[in-house]
Amino acid sequence: PPNGLWIFCNNDYQVTIPTADQVVPLGTTLVKAQVLCPAMTVTIGTPQLRRCFNNNYYYVNYCNQGTAAASNAYVLVELDDFLSAVSATIPYTTVGTHTLRFDLGDVPVGACGSFSIEVGVNCNAALGQTHCTEAHIYPDSLCTQPSALWSGALLDLHAHCAGDSLHFVIKNIGAANLSESLDYIVIEDHVMLMMANIGFLASGDSVTVSVPANGSTWRVESQQAAYAPMLHQLGLSVEGCINGGSFSSGYVNQYQNGSDDPWVDTDCTTNTGSYDPNDKQGIPLGYGPQHFIRPGTEIEYMIRFQNTGTDTAFNIVVLDTLSAALDPRTIQVGPSSHPYRWDVFGPGVLRFKFENIQLPDSNKNEAASHGFVKFSIKPKADAPLGTVIRNTGAIYFDFNAPVITNTTDHILAENFIVTASWQPISPLLQLSIAPNPFDVETRFEIKGLTNPAPLELRVYDLQGRVMRTMYVEGPVFTLKKQDLKAGTYLFRLGQEGKMVGSGKLVVAAKP
């Protein structure tokens with residue numbers, strides 16, 4: 001069954017399979033509903049985003065996997081700020097600046113549908129910038145009873161960029177207070193700057209984590225209330241929060257983004273120029289050059305293909321021989337450019353069949369010669385740390401030899417995020433802070449500066465409040481503890497309004 005709302009009436013069936021790879025019809029399989037409830041699912045994806053072009057497409061698929069029809073269903077698609085809607089294959093209304101509403105009417109049990117949205121990418125977007133777009137289908141009610149052990153607290157995470165700061169807000173949107181004290185971490189690009197505690201957050205209360213709008217890609221991850229019924233993980237990355245100037249890119253898709261809830265799906269795609277037309281991607285990309293991911297992380301694979309031959313392709317088959325570390329039972333097929341049928345055969349071979357696709361060759365119609373398909377899958381629950389997950393796709397155009405894609409790599413690991421106390425904008429800048437932690441005063445010495453202008457030091461607490469501001473004439477100076485309480489602080493060094501580097505300080509408690 002697609003979810004826990006259904007159970008089989010009969011668990012045992014006898015089948016005879018005379019030869020390998022033969023398909024044997026099972027016949028009618030009776031199931032019954034445990035509770036009457038619509039369970040809507042949605043997926044969204046795009047094969048590419050090209051800046052200054054209006055012919056980019058998002059593809060949205062939806063299904064009712066519940067036990068009752070969904071009345072007046074609709075999908076809200078929230079486009080990235082640099083994207084604008086051009087057209088869609090079904091009618092929509094604009095709700096707010098970048099949100100589109102697609103009314104679906106009543107969706108019967110087991111029914112599925114799809115639509116596409118043509119979007120333009122603003123020329124003001126930087127090349128290589130990542131654009132995140134979310135689809136949310138309604139009704140999105142939880143059909144099963146939550147655990148009796150759940151306190152009723154539920155955390156939500158959102159962010160907004162304002163002036164010289166980026167604010168992450170962790171809010172308890174549940175009906176009850178947190179019964180445990182939870183931790184969160186703050187990551188700048190690929191470096192973890194701090195770990196802090198939310199505390200026993202009351203219902204409706206929030207904690208704001210503010211960081212400098214310095215062009216870094218900032219990420220906050222938080223623990224969720226124990227036994228909470230929602231599946232979503234609290235992790236949010238923000239790229240490009242800066243008042244003019246360049247910013248870092250390429251970090252958003254290192255991590256899992258968006259929600260695990262089936263009624264919400266987020267697509268984060270980097271805008272590009274040209275690309276290999278027959279390739280494979282695995283999101284999250286994974287941390288660092290080793291592509292580390294945590295055990296249990298869902299990987300969303302996308303295989304793109306293009307007919308670069310000299311004639312129309314009538315049938316295309318995409319094969320993906322799954323890594324032995326992946327669990328085929330967790331496969332969730334996603335959006336695609338064209339209708340397909342899929343199955344799994346042999347030793348974990350996933351097959352997508354695009355029958356009568358009639359994909360024109362690139363010489364006759366370059367824009368229409370592209371296609372893609374997405375699916376997600378999780379590692380096996382017992383896969384040990386250090387397991388390497390490699391995956392390669394094969395694309396068959398009619399009766400031609402297969403086109404083999406690149407190979408994606410992931411490694412299961414824990415505690416792989418680098419922790420550092422100094423993150424400069426240039427690798428030539430070196431900073432020593434001694435002692436750190438300190439209980440009376442600490443000495444800063446920065447080397448590699450070519451600009452003699454004065455330096456500005458700002459010290460922030462973990463809620464982003466400025467606790468100390470100093471202006472110094474030279475690269476060596478002392479920070480005194482004074483009224484700073486014991487704990488962890490962020491600092492930012494600037495020069496003539498531009499950041500030199502950032503890091504963390506620890507004020508120790510006196511023995």
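**Close-up 1. Cysteine 161 and its disulfide partner, cysteine 241, in this predicted model.** Cysteine 161 has 45% relative accessibility, so it counts as partly exposed. Cysteine 161 belongs to strand E11 and cysteine 241 to the loop between E17 and E18, 80 residues apart.

**Close-up 2. The disulfide of cysteine 37 and cysteine 143.** Here the S to S distance is 1.9 Å, and a torsion of -70° goes with a left-handed link. Cysteine 37 is in the loop between strands E2 and E3 and cysteine 143 in the loop between E10 and E11, so the pair ties together parts 106 residues apart in sequence. Both cysteines are buried.

**Close-up 3. The disulfide of cysteine 132 and cysteine 268.** The torsion about this S-S bond is about 115°, so the disulfide is right-handed. Cysteine 132 comes from strand E10 and cysteine 268 from strand E18, 136 residues apart. Cysteine 132 is partly exposed at 28% relative accessibility, while cysteine 268 is buried at 11%.

**Close-up 4. Cysteine 9, which is in no disulfide.** The nearest cysteine sulfur belongs to cysteine 143, 19 Å away. Cysteine 9 is partly exposed, with 47% relative accessible area.

**Close-up 5. The largest nonpolar core, 30 residues.** Leu155, Phe168 and Val186 are among the residues with the most contacts inside it. Strand E14 gives the largest share, 5 residues. Contacts of valine 186 beyond its sequence neighbours within four places include Leu193, Val209 and Trp218.

How values were computed
Residues are numbered from 1 along each chain as its sequence is written. This is a predicted model: local features need pLDDT of at least 70, side-chain atom pairs count only at pLDDT 80 or more; totals for chains, interfaces and linings use all residues. Side-chain values use heavy atoms; hydrogens and water are left out. A nonpolar core is a set of buried Ala, Val, Leu, Ile, Met, Phe, Trp, Tyr and Cys residues joined through side-chain atoms within 4.5 Å. Buried means under 20% relative accessible area, exposed over 50%, partly exposed in between (1.4 Å probe, protein chains only). Helices (H or I, at least four residues) and strands (E, at least two) are DSSP runs, numbered from the N terminus. Contact means heavy atoms within 4.5 Å. A disulfide is a pair of cysteine sulfur atoms within 2.5 Å.
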